[in-house]
Amino acid sequence: MDEITHERLKEIKRSFRLYMSGPTAQSMGQKGISYKINWGVSLPDLKKMAAEYGKDDSLALALWQENIRECKILASLMMPVESLTDELMETWGEQINSQEMAELLAFNLLQYWTNAPQLACRWMKSGNEMQQIVAYQLLARLFANGLKLEEVELQDYLVHATGALKCKHLGVRHAATNSLYRMMDLGEAYREKVDTVLQGLDGIF
């Protein structure tokens, strides 16, 4: 890490005290959102901070290495999408430790990446529940933006998504359901495919 990045990282970490919310952090802790440090800073405030610093891959990488909720969220906001690689995202994917971070990584960063569909199709098959949440929330965003999978990929997605609806993890079930709803919005043909696959899952929809 160069000296400029190091100083900017220290400056950001000091600034969290100005925005901290003890009740928010306590509530997150009670819900199982676990970080070494959690200042409870709101997402709008973090977005303002990210906008002030701008896109910076070196700073984003340094922020992600901190086991601090606010640092990781800022990393997802400040990483330039053109700096993403499959190797980097596989590393980050192993380090996601909360449903909030999984959802924000998909929304703040990955939905804008060229390789997003391929990453989502890999991670939905992962044994890592946080990666599965990223995958399905990412696909939901991509479907909302008009993505249409090739037939083989589509059938693969439907098989894994319907399996995810039976997952014990509520976050995975929610993300899979969200992605199915968004895919159904692509048109009647897609709605029919989802309806056909879900016929044996009474009560899900």
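Helices here are DSSP runs of H or I with at least four residues, strands are runs of E with at least two, and both are numbered from the N terminus. Read along the sequence, this protein then follows the pattern α-α-α-α-α-α-α-α-α-α-α-α, that is, 12 helices and zero strands.

A word on where the values come from: this is a predicted model, in which local features need pLDDT of at least 70 and side-chain atom pairs count only at pLDDT 80 or more, while totals for chains, interfaces and linings use all residues. Residues are numbered from 1 along each chain as its sequence is written, and side-chain values use heavy atoms, with hydrogens and water left out.

**The protein as a whole**

Residues are called buried under 20% relative accessible area, exposed over 50% and partly exposed in between, using a 1.4 Å probe and protein chains only. Of the 205 residues in the protein, 48% are buried. A contact means heavy atoms within 4.5 Å. Among the contacts with a separation of 6 or more, 69% join residues 24 or more positions apart.

**Helix α5 and its two partners**

Two packed helices are described by the angle between their axes and the distance between the axes. The axes are lines fitted to C-alpha atoms, for helices over the stretch in contact, and the angles run from 0 to 180 degrees between N-to-C directions. Angles under 35 degrees count as roughly parallel, over 145 as roughly antiparallel, 65 to 115 as roughly perpendicular and the rest as oblique. A crossing is left-handed if the near helix is turned anticlockwise from the far one by less than a right angle, and right-handed if clockwise.

| Helix pair | Axis distance | Axis angle |
|---|---|---|
| α4 (residues 57-64) and α5 (residues 69-78) | within 8 Å | roughly 155° |
| α5 and α7 (residues 99-108) | 8 Å | about 20° |

Let's take α4 first. Helices α4 and α5 are roughly antiparallel to each other, and their crossing is left-handed. On the α4 side the contact is made by L59, A60, L63 and W64, and on the α5 side by C71, K72, L74, A75 and M78. For residue classes, Ala, Val, Leu, Ile, Met, Phe, Trp, Tyr, Cys and Pro count as nonpolar, Asp, Glu, Lys and Arg as charged, and the others, Gly among them, as polar. By class, the contact of α4 with α5 has eight nonpolar, no polar and one charged residues.

Now for the other partner. Helix α5 is roughly parallel to α7 and passes it in a right-handed crossing. R69, K72, I73, S76 and L77 of α5 meet E100, M101, L104, L105 and N108 of α7. This contact of α5 with α7 has five nonpolar, two polar and three charged residues.

**Aromatic pairs**

Rings of Phe, Tyr and Trp (its six-membered ring) pair if their centres lie within 6.5 Å; planes under 30 degrees apart count as stacked, over 60 as edge-to-face and the rest as tilted. By this rule there are three aromatic pairs. One of them joins W64 and W92, whose ring centres are 4.2 Å apart with planes at 5°, so the pair is stacked. Because W64 lies in helix α4 and W92 in helix α6 (residues 86-94), the pair ties together parts that are 28 residues apart in sequence. W64 is buried, with a relative accessible area of 0%, and W92 counts as buried at 1%.

Another pair is F143 with Y157: the centres are 5.4 Å apart and the planes lie at 70°, so the pair is edge-to-face. F143 lies in helix α9 (residues 129-144) and Y157 in helix α10 (residues 151-164), so parts 14 residues apart in sequence are tied together.

S179 lies in helix α11 (residues 170-184) and is buried, with a relative accessible area of 0%. Which residues does S179 contact, leaving aside its neighbours within four places in sequence? They are Y136, L139, A140, F143 and Y157.

Helix α8 (residues 116-123) is mostly covered, with six of its eight residues buried. These are A116, P117, L119, A120, C121 and W123, and the buried residues of α8 pack against α6 and α9.
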